[in-house]
Amino acid sequence: MRGPHPPASPLALIAKRDNTLRLEALDAAALALGLEIGLPLAAARARAPELTVRDADPVADQAVLAAIGEACRRYTPALSLDPPNGVHLDLTGAAPLFGGESALIVDLAARLQRQGFTVRTGVADTLGLAWALARYGDPSRPVAVEALPVAALGLDADSVGVLHRLGLRRVGQILAMPRPALARRLGEGLLHRLDETLGFRGAAVALVPEPEPFYVQHRLAEPIALEHQVLRLVAWLAEQLAERLDRRRVGGRTFALELFRVDGVRKRLLVQAGRPLRDPRRITALFVERLAGLNEGLEADFGFDLLRLSADGAEPLGAGTGDLLGGVDDGDLVALIDRLSVRHGPAAVRRLAPDAQSRIPEQAVKSVALTDKAADAWGEETPAVYNGVLLRPATLFAPPQPIEVIAGVPEDPPERFSWRRLSHRVVRAEGPERIAWEWWRGKEPERAAAEDDRTPPAALPPSPANDGRLTDGLLGSPQSAPDRAFRDYYRVEDDQGRRFWVFREGAFAPGVRPRWFLHGLFP
C-alpha cells in the first residue's frame, strides 16, 4: 500500500474471503486503531466507525508489484516476485557497483519512498532469513535469528497459533526443541522453513525473465533537423522494428522515438495504440500525429545524429475482428482511434466498460479510455436472462421518469400507471427486486426533511472509488444526501404487450406518499 493517504480518516482495503468481507490491507492510521488484516469488516466498523474502505484490486496490485520489480533491475537482473508485497533481489556481485550492500539498500528504499511506498528491507545470506528480516526485523539495529518471532518463518496462521499455545513464540525456542517432536506435531513444513531460514536448505526461486528489448536505431553521418527528414527515417526504422516483432509474432502497444541531438540532449516522444500492432505504416502514422501536436516543435537546434525507435511491452497479436456482414477487418477504425488518442491524449477518446464493483443500475458501466487494455473485455459475466428474456433493460432513463401509480395495497406491484399523459393498464408484473445502498462502502444516508413528487429520485450512495463511472443519471452526484435507502424494482407488462422496468423509492411511512419512477424499457 502506498504510504501517503490524503484523507484524514483511516483507510482499509477489503476483499471477500470465506463468504465474509475482510480487511486485506491497512494504512498507518488504521493500524494505530488496533485493526488487523483478516478482521471481518463488520467487526472493524464496530471498532472504528470512521474507517474508510475501498475494494482490494489484486490484479492492479500484481501489476504494481511487477513494475516495482522491473524498476529494481537497475541493481540486479536476477529478481523474483513474492506476492502480494515482496520482491527478492539476488545481489551477488552487484553490491560493490553501488558502494556496498548498505548504500544499495539506502538508494533503493529512497527511490521507492519518493514514489509514495512504505518500504521495509532485509539483507541476508539466505532468502528465508532476508524475508524474515524484511518483515519482522528491527531496521534500527541487527537482530539475531533466535530473537525473531515464529511468524518470521513464513508459517500459516494455524501453525503459528499452535506454536503460541505450546508457549513457543521465538525462533530460538523452536531451535531448542527436538526436531522429531516438531515434525510429529506440526509436520515437515515447519522444519523445511526453519532450514531455509538458517541456510541448511535451499529455497526455490522463480526468477522473472528479463523482457527482450525491441528497438532499432540509426546513427547519421550528418545531423538532420527538419520534420520530413525525421519522419522519413522513422518510416525506415518502423520497417526494421516490424521485422523483429514479426519474428517473435508479437506487437507493440507503446512506441518510443528517441532523438539524440549533437549537443547530447535527448528528446523522447511516446505514442500508444489501442491494441498491439506491428504495421510500419500505422506506426509511422502515429508519429506523424504526435509531431503535428507538438507545440514547441522538434527543437532540433544543430540537428539529430542518432534516432532510436523501440516497442515497449510487446504482446502477442490477437486475431483480427470483423463486421457482421463480410468479415471486413476493423483496422481502419482502430487506426482512427489511435490517431485521435495520439493527437488529443489517451483520455480524450473513451468507451463504455462494465463495472462489476456495484449492483446499482446507474453504475453498471463506466467510462474508460479506449487505449486502456484492462478494459478490453467485458468479462465472463453475462446479462441476467431467464428463458431467453432479459431480466434488466439494456437502456435506462437518466434520470428515471416520474410516474403516477395505482396499486391495490402499498406493497403490491402497480395495477395501472400514467407516464407522459398516457395511461397503462398492467396485466403482468414480477418483483420486487430490492436494490439497496451499498452499506459496506460508507455510512448510512440520512433522510431529507421534505420531498417533492416532481424531483428526481434520491441517489443511492455511489462507491467512493468512482473513477470513470457515468454520472449522467442519479448516482455519483455527491452534493446531495439521499432521502431513501433502497428501491423496489418491478418488471411490468401492459395490455399492449409493452414491458417496463419501474421502481418504488424507499419504504412506506405514515403521512408520506410513495414515489414511483420508470427506469427503463424492455425491447
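Two strands count as paired if DSSP finds at least two bridges between them. Helices (H or I, at least four residues) and strands (E, at least two) are DSSP runs, numbered from the N terminus. Before we use these ideas, note that this is a predicted model, in which local features need pLDDT of at least 70, side-chain atom pairs count only at pLDDT 80 or more, and totals for chains, interfaces and linings use all residues. Residues are numbered from 1 along each chain as its sequence is written, and side-chain values use heavy atoms, with hydrogens and water left out.

Let's start with strand 1 (residues 11-17), which runs parallel to strand 3 and is joined to it by four bridges. Leucine 13, for instance, has arginine 54 in strand 3 as its bridge partner. These strands belong to an open sheet of three strands in the order 2-1-3, with mixed pairing. Strand 2 (20-26) and strand 3 (52-55) sit at the edges with a single partner strand each, so one side of each has no neighbour in the sheet.

Now look at helix 8 (residues 179-186) and helix 9 (residues 188-198). Their axes (lines fitted to C-alpha atoms, for helices over the stretch in contact) are 6 Å apart and meet at an angle of about 125 degrees. Angles run from 0 to 180 degrees between N-to-C directions. That makes helix 8 oblique to helix 9; under 35 degrees would be roughly parallel, over 145 roughly antiparallel, 65 to 115 roughly perpendicular, and the rest is oblique. In the contact (heavy atoms within 4.5 Å), helix 8 supplies Arg179, Leu182, Ala183 and Leu186, while helix 9 supplies Glu188, Leu190, Leu191, Leu194 and Asp195.

What about the inside? A nonpolar core is a set of buried Ala, Val, Leu, Ile, Met, Phe, Trp, Tyr and Cys residues joined through side-chain atoms within 4.5 Å. Buried means under 20% relative accessible area, exposed over 50%, and partly exposed in between (1.4 Å probe, protein chains only). The largest core here has 32 residues, and Val230, Leu241 and Phe255 are among those with the most contacts inside it. Helix 10 (227-248) is one of the elements giving two or more residues to this core, and its eight residues are the largest share. A second, separate core of 22 residues includes Leu182 and Leu186, which also take part in the helix 8 contact with helix 9.

Finally, find arginine 261 in strand 7. Is arginine 261 buried or exposed? Arginine 261 counts as buried because its relative accessibility is 14%.
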